[in-house]
Amino acid sequence: MSVAETKTEKLDGWNRPPTIEPGGEGELLEIAMGPHHPSTHGVFRMDVALDGERVMRLKPVFGYLHRNHEKIAEGAAYLASMPYTDRLDYFCSLSNNWAYALAVEKLVAQAVPERAQYIRVILAELTRIQNHASSIGFLIQEMGASGTPLMYAFREREKILDLFESLTGSRMMCNYMRFGGCRVDVSAAWLDAARKEVAGLPPFVDEFEALLTSNEILMARCQGVGVLKPDLAVNASVTGPLLRASGVNYDIRKVDHYGIYDRFKFRVPLGDHGDVYDRYMVRVLEMRESIRILEQALKDIPAGPIMDPKAKIRGFRPKPGEAYGRVEAPKGELGFYLISDGSPNPYRYRVRPPSLINLTILEDMCLGHNVADVVLIFGSVDIVLGEVDR
Amino acid sequence: MKTVEEIKAAIQAAVPGAGVEFVPNPSPCAQHSLRLTPGRAVEIARFLRDDPELAFDFCSNVTGVDWLDKETSEKVKVKRTVNKTVDGVEQAVEETVEETHKHVEPGYLEAVYHLYSMAKRHGPLVIRMRTVNRTDQVELPSLTPIWRGAEFQEREVFDLYGIVFKGHPDLRRILMWDGFKDYPMRKDYVDPDDYEYEPTAHDAVLKRAQAHQAAAEK
């Protein structure tokens, strides 16, 4: 990229992708990467125009998995949408549950008991660890290291999913949280198993890092690739590890203090360059911070009810009004916007999908790079198509 | 953060003649919103982003809402003089009659933006804009030139609700395919009779299709 393209003066149209003039002779080659490209983790297409190996234009195409989740939810009662939120980002169903429960709790000013808050934090942080581990695994897989790092990540993910299964009955579609608490209580045996699992996590991250962080191929492929400038990242509503890798200190756990996140000591890792390597590094460091939160939460978890006794379950009809609730999901800011008209169904139900919105600047990050780097940059955004298309 | 009322005053001081209306939110979370008149919305948005104290640099969520025509009826007592024959003599008699008046409040489409500030760590500020109606005047100014994050979300609102964002750099359908005709998130959207390419001979499907055909032939 030339200096002219990277200047940060806010001229008109500075937040649009730059146009690159083709340098070689001949026509541009237009290809469709996807919808069945193995690196797209599902059905997603990028219409790419290439000058040799260089990317000149890139347009993402969505909608292959579109189910109109929002319309379905408007035709169902509030609680009936809870299982469907599992299917948005199917890697992190518990974070999705929490975001939806939080929005509804804001809508009706529902309190959540102490123990349930702790359980939510424990589950959300376990979700974050397994999501970051496997997203790094996928990234390395796309770089060409077939299998091994991904299997290291999946080995740990299996243990965490076993915990989810023994608590909620399902490994991925957990459907666990309710408005005003959680569905079933954790047993002492489960907490012991979780403590044991969390004690085994730091060695796993160490091992993962020993394999990858100073790996020469990883550094050569990732450093300086797909740079995202912080002012563009903010302007393009990028959230999550992608934003923090660009050096913007914005973590909703720290900003909103939703749940009980103000009680835990943890740091927000920030990147310096905003390239693929920083995104990898931020995810690794976030796993370490999540382990710290888990250790504190598992130590302090109090006894008590897991459901607010005043929570209304039957005949749940929020008074007319609207609410927007958001959480720091592993992929970014996951928000739910609800409008109630006093009936049992929401009048408007909107999901703010971090995966879709983080793809806004995919073209900006890929322009001028080689095709092989597009796969890496796309992998470093960390999306799940169930949430992109809804 | 300033309260929504103070922000409204700040907008009116900075952008003279801008139409800003305070919309209260009765829910306990009290996220009140500001309704902007579409004409000056881009100017107002630029002020909200660039003002050093407000600094709403992060447009988190953009969405559409469909409000249907609202029919309200009220009963009014009207006094009328009626000619009547009373005791064999024709007289003009005053009578009170109850009449039902029907009003139709035209529906509209609404675009809702949730703004936060990453620099100042405050928010949300909810701003909304209305279209004139739901059929032919569905244009709103696009705020994508101010916040790039609105790009895909405004495309989604265009795709699912049919709000046309003027000034959007790339307004195409995003989730539905290009040849699709209707707007699926609208409240009066009618599902197709059958989702298959060839009509399947289920009773319910056939009945629905026949009812539609009969209505179309009339």
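Author: Two strands pair if DSSP finds at least two bridges between them. Keep that in mind as we look at this predicted model.

Reader: Thanks! Which residue is the bridge partner of Val23(B) in β2(B)?

Author: That partner is Ser33(B). Four bridges join β1(B) to β2(B), residues 33-36, and the two strands run antiparallel.

Reader: In what order do the strands of that open sheet in chain B come?

Author: The order is β1-β2-β7-β6-β3, five strands with mixed pairing. At the edges you find β1 (20-23) and β3 (58-67) of chain B, each pairing on one side only. From one strand to the next, the twist averages 25°.

Reader: Which strands of chain B does helix α1 lie across?

Author: Helix α1 of chain B, residues 4-14, lies across β1, β2 and β7 of that chain, and runs at about 175° to β1(B).

Reader: Now for chain A: why is one side of β1 and of β3 left without a neighbour in the sheet?

Author: Start with the sheet, which is open, antiparallel and ordered β1-β2-β3. Both β1 (29-33) and β3 (54-61) of chain A stand at the edges with a single partner strand each, so one side of each has no neighbour in the sheet. Five bridges join β1(A) to β2(A), and one pair of bridge partners is Ala32(A) with Asp47(A).

Reader: And how many residues does each chain give to the contact?

Author: Chain A gives 36 residues and chain B gives 30. Elements giving two or more residues on the chain A side include α4 (93-108) and β7 (332-340) of chain A. By class, that side has 16 nonpolar, nine polar and 11 charged residues.

Conventions: Residues are numbered from 1 along each chain as its sequence is written. Chains are lettered from A and ligands numbered from 1 in the order in which they are written. This is a predicted model: local features need pLDDT of at least 70, side-chain atom pairs count only at pLDDT 80 or more; totals for chains, interfaces and linings use all residues. Two residues are in contact if their C-beta atoms, placed from the backbone, lie within 7 Å. Ala, Val, Leu, Ile, Met, Phe, Trp, Tyr, Cys and Pro count as nonpolar, Asp, Glu, Lys and Arg as charged, and the others, Gly among them, as polar. Axes are lines fitted to C-alpha atoms, for helices over the stretch in contact, and angles run from 0 to 180 degrees between N-to-C directions.
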